[in-house]
Amino acid sequence: MVPTSYYIVLSAILFGLGVFAFIFKRNLITMFMSIELMLNAVNLAFVAFSQALGKPDGQVFVLFVIVVAAAEAAVGLGIIILIARNRQSLNVERVDLLKL
Amino acid sequence: MPTTIFTPMLDYLWIIPLLPLLGSAVNGLLGSKWPNKTVTWVAIGSTGLSFLCALEAVREFFASGQVPFRKEFFTWIAAGNFRAGFDLQMDQLTVVMVLVVTGVGWLIHIYATGYMAHEGGYYRFFSYLNLFMFFMLILVLAANYVLLFVGWEGVGLCSYLLIGFYFLKKSASNAGNKAFIVTRIGDFGFMLGMLLLFRAFGTLDFQTLFDAQHAGGWPVETSGQLGTLTFACLLLFMGACGKSAQLPLYVWLPDAMEGPTPVSALIHAATMVTAGVYMVARSNVLFTRAPTAMLVVAIIGCATAFFAATIGLVQTDIKKVLAYSTISQLGYMFLACGVGVYTAGIFHLMTHAFFKALLFLAAGSVIHAVGGEQDMRSMGGLYKKIPYTFWTMLIATLAIAGIPVFAGFFSKDAILFGAFQSESGGHILYAFGLLTALLTSFYMFRLIFLTFSGKPRYDEHKVHVHESPWNMLGPLVVLAVLSVIGGWFAFPAFFKGPDYFANFLGPLFGAHKAAGGGTEAAHNLELILAGVAVVAAAIGLLVAYWLYSRQPGKADELAKSMQPAYKTLLNKYYVDELYDAAVVRPLVWLSTQVFWKAADVGAIDAAVNGIASGTTAIGDGVRHTQSGNTRSYAVWVVVGAIVILGIVFFWPSLGKPVAGMVR
């Protein structure tokens, strides 16, 4: 049996990759994908703990996360499409209207 | 209540002050829309009813055998063992005061309906005047110092409002401020005196306090030992000095003549300014046990009487002469209290209320007649044109000058006799009192001769001299009658009979029995002193006659020959200028430079503005973090998460769940 720590380390690596990609990539689609990556890294950790502790709570949470991620994907992609239409670009540097 | 006599009015004593309060409220709130006639009826009606109620209460007081009546209506302040209640009382002293206040007050209300008929703010005037009556009645009916102080401050307020009645006139509003601020200095002393009394005796109730004294708990504080009572009495007297315009604090009263003349008559001559005398007489139990304080009262009273009389000699404004005369007469009353003849002081208070109110009302009638002119140098020869005013004013002048048979003679005589007999410095006090009597007679007859005799000095084509309407003359006549007969209580005493007034007030003033003593020698002495006083008054009269009627112009020559003295008197000894330089200017400087420019602008405003501009500056710096760049926000989130994780990791105690979070 694979030790729980392996899963956790993998989850941490995936999460770190997501964070780095989110910060350093400029393309909105890529940033969106890195968010999905972070979510799934967390899902992996949940499932691993659920397995290790022998409790179903973690798996239930994972289902919730997937549902929310799906909804978020629908809304987020909609916003991205609108931005792409309005600016003819997916560069996040140009989405800064909230700046003071 | 041991008495079985039915005393409805005494049981509802609060009705007497309440009626003027209602009148004031009704006139003040609704009067602006009403015609003058309605306002008049409300004002006259409420005070008149109050007068009738007072008469009934006095009748019941006599019917129940002159037992001091006292009733607690409700508790006003209760804190720890301190209680100040809305307690009213009716005793011999209150009887005199209530009758003077309501009676003279009512007459002056009637007079004012004529005097103020053509003035703006008619309803406002009567609302204030009624309010004054309310507070004055509270003052004289109160059964403890705290409630007395309520009336005390209330009459001060009304005095301020009425002096500044013509508030568009700068001098009038300034005079109002001056009166309020100067009397406030005295009130401060009064308050300290009350606190000292409470600290020493644990009560401010007259009966409890005075009974404790009578029980012998506190010895008489002779000059060697200055104790609590002496200081308390001196502080109380400081309050009286402010309210009754005595020597250091008298400066507001002459300026108070800016108010309408009925106000000068009611507040600044007949009633309010005598509140100090009333208070000292009311506290006689305390003062008697503090001879040093008594001596101070006598000296200040005597000095004020003389000092104000000298200023009165040269004043040319008819109301200013009367104002200084009022200060002088109040000095007499304090002299009486200081030498222990409280009855004479209160007697003079009563007769003074009659003849001084009459003098002011008659002066108002003169001013009315000559169209607002107050300078006596522009009057003259009014004798035939306004005969009623002339005769009533002459009667009042005879009364104040101390001519026999008239009211002032008896009371002034009693005071001088009391001063002569007092142990400490009595003869000096008497000498100054007598000299003051001479001066009084002189300046009052000077006023009469300047105003009524000789040739007219006003422009006869411009000024249409006319006698005042009946509602002004009526009160004059009534007061003239009172100025004649008001002193006759003391008539029998001159023929070795009982002194009714002194005997009536006697129970209140304990061992200090009426002047006269009763012995043959004392009686003869009193007759001699009375004779001397009459001679002094006659000298004053003759000098005034010679200078102002017989040889007009002689007075000016005399003034020229004594230029420095005349100038000093004309400028009232430069006391106003002295106060201005010594008190007002330093205070203004302190307020402007230190409190305004340094403390307020420099510290307080600077702190507030500093906080505001500092916040703006910080905000200005911080707002740059909101760049609008999504990735920089992400960095902040990550940094925050790392910091929190770091804290939890390296500082484990913070990571423990809070008690409430544990399931």
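Modeller: One point before we start. This is a predicted model.

Colleague: Why is the pair of Tyr145(B) and Phe190(B) called what it is?

Modeller: The ring centres are 6.4 Å apart, and the cut-off for a pair is within 6.5 Å. The planes meet at 85°, and over 60 counts as edge-to-face, so this pair is edge-to-face.

Colleague: What makes this pair a link between distant parts of the chain?

Modeller: Tyr145(B) sits in helix 6 (residues 145–163) of chain B. Phe190(B) belongs to helix 7 (residues 170–201) of chain B.

Colleague: Are Tyr145(B) and Phe190(B) buried or exposed?

Modeller: Buried means under 20% relative accessible area. Tyr145(B) has 0%, so Tyr145(B) is buried. Phe190(B) also has 0%, so Phe190(B) is buried.

Colleague: What makes Phe149(B) and Phe190(B) an aromatic pair?

Modeller: Their centres are 5.2 Å apart, which is within 6.5 Å. Their planes are at 85°, which is over 60, so the pair is edge-to-face. Phe149(B) is in helix 6 and Phe190(B) in helix 7 of chain B, 41 residues apart.

Colleague: Why is Phe149(B) given its burial label?

Modeller: Its relative accessible area is 13%, and the limit is under 20%, so Phe149(B) is buried.

Colleague: Which residues do ring pairs link into a cluster?

Modeller: The cluster holds Tyr145(B), Phe149(B), Trp152(B), Phe190(B), Phe206(B) and Phe210(B).

Colleague: How do you know that Arg184(B) lies over the face of Phe180(B)?

Modeller: Arg184(B) is 4.7 Å from the ring centre. The distance limit is within 6 Å, so that test is passed. The label also requires the charge to be within 35 degrees of the ring normal.

Colleague: Where does the charged end of Lys597(B) sit?

Modeller: It sits over the ring of Trp596(B), 4.9 Å from the centre.

Colleague: How far apart are the mean positions of the positive and negative charges of chain B?

Modeller: They are 7 Å apart, for 39 positive and 33 negative charges.

Methods: Residues numbered from 1 in each chain as written. Chains lettered and ligands numbered in written order. Predicted model: local features only at pLDDT ≥ 70, side-chain atom pairs only at ≥ 80, totals over all residues. Heavy atoms only, no water. Phe/Tyr/Trp six-rings, centres within 6.5 Å; stacked < 30°, edge-to-face > 60°. Helix = DSSP H or I, 4+ residues; strand = E, 2+ residues; numbered from the N terminus. Buried < 20%, exposed > 50% of the residue type's maximum accessible area, 1.4 Å probe, protein only. Lys, Arg positive; Asp, Glu negative; His and termini not counted. Charge placed at Lys NZ, Arg CZ, Asp CG, Glu CD.
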